[in-house]
Amino acid sequence: MLHTATGNITEMPIHLIAPRSLVSKEMREAKQNHQGMAFWLTGLSGAGKSTLAHAAEAVLFQKNYHVAVLDGDVIRSGLCSDLGFSLDERRENNRRIAELAKIFVRSGMICLCAFISPGAAFRREARRLVGEDFFREVYIACSLEECERRDVKGFYKKARQGELENYTGISSGYEAPQSPDCIINTEVSSAVECSTRLVRFIESSAKIAEMSRMRMLHRRAREGVAARPVENACGASYFL
């Protein structure tokens, strides 16, 4: 299938055949010592998605993780510069991002996706495209009132004055996640606390946590140290 800029679907030409890479996802992950995954940061404009994504990226990079950020404004200025903000165009914007994230994930990278993604259906589709095992939804929670107070880009004011159409939270709805994999509330915690929690969640997720945990257990076993229970950023218990 092919998707047009407005989200319409057409049949894919039969002569398109994807080549098979000689370097598998598993081979990349074994070399990099972590699994490729997408962490989908969703929330209102001004909630802190991009700020936290880039803060986490810097920390993870220093820890030798292979990590990259996909940011909404950057994507809109390039890959999706042909799209507006109608429902269909937002859906197509979301689909393109998910397809791009899937490529990063298959290359064994940690992909931090910072996008409003206003519709629950959009996020479900992103999870389906990337793959359930490699996708984590992170809700960057912040009230509309606080986001408007921050108004980092000045867009809320313009939306209230009618200068911007289809602006999420004002003239367009936002469906907050009902059961995200992690919730980080930037209204009640500092930027440092929030970024630390995000990094902890990333490191404790899926095979990333398992690989780190096994290395820690092996080292502690050699040192004669007993395993101890700990919790990840979202309260899930595991042993170190």
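Colleague: Hi! What should I know before I look?

Modeller: It's a predicted model, where local features need pLDDT of at least 70, side-chain atom pairs count only at pLDDT 80 or more, and totals for chains, interfaces and linings use all residues. Residues are numbered from 1 along each chain as its sequence is written, and side-chain values use heavy atoms, with hydrogens and water left out.

Colleague: Thanks. In what order do the five strands of the open sheet come?

Modeller: The order is 4-5-3-6-7, with parallel pairing. Strands here are DSSP runs of E with at least two residues, helices are runs of H or I with at least four, and both are numbered from the N terminus. Two strands pair if DSSP finds at least two bridges between them.

Colleague: Which strands stand at the edges?

Modeller: Strand 4 (67-71) and strand 7 (182-185); each has a single partner strand, so one side of each lacks a neighbour in the sheet.

Colleague: How many bridges join strand 4 and strand 5?

Modeller: Five, in the parallel sense, with strand 5 covering residues 110-114. Valine 67 has isoleucine 110 as its bridge partner, and leucine 70 stands opposite cysteine 113.

Colleague: Is strand 4 buried or exposed?

Modeller: Five of its five residues are buried, so strand 4 is largely enclosed by the rest of the structure. Buried means under 20% relative accessible area, exposed over 50%, and partly exposed in between, using a 1.4 Å probe and protein chains only. Val67, Val69 and Asp71 are buried on one side, and Ala68 and Leu70 on the other.

Colleague: New topic: at what angle do helix 2 and helix 8 pack?

Modeller: About 60°, with the axes of helix 2 (residues 49-62) and helix 8 (residues 191-203) 9 Å apart. That makes helix 2 oblique to helix 8. Axes are lines fitted to C-alpha atoms, for helices over the stretch in contact, and angles run from 0 to 180 degrees between N-to-C directions. Under 35 degrees counts as roughly parallel, over 145 as roughly antiparallel, 65 to 115 as roughly perpendicular and the rest as oblique.

Colleague: And which residues of helix 2 make the contact?

Modeller: Leu52, Ala53, Ala55, Ala56, Val59 and Leu60. On helix 8, the contact residues include Cys194, Leu198 and Ile202. Contact means heavy atoms within 4.5 Å.
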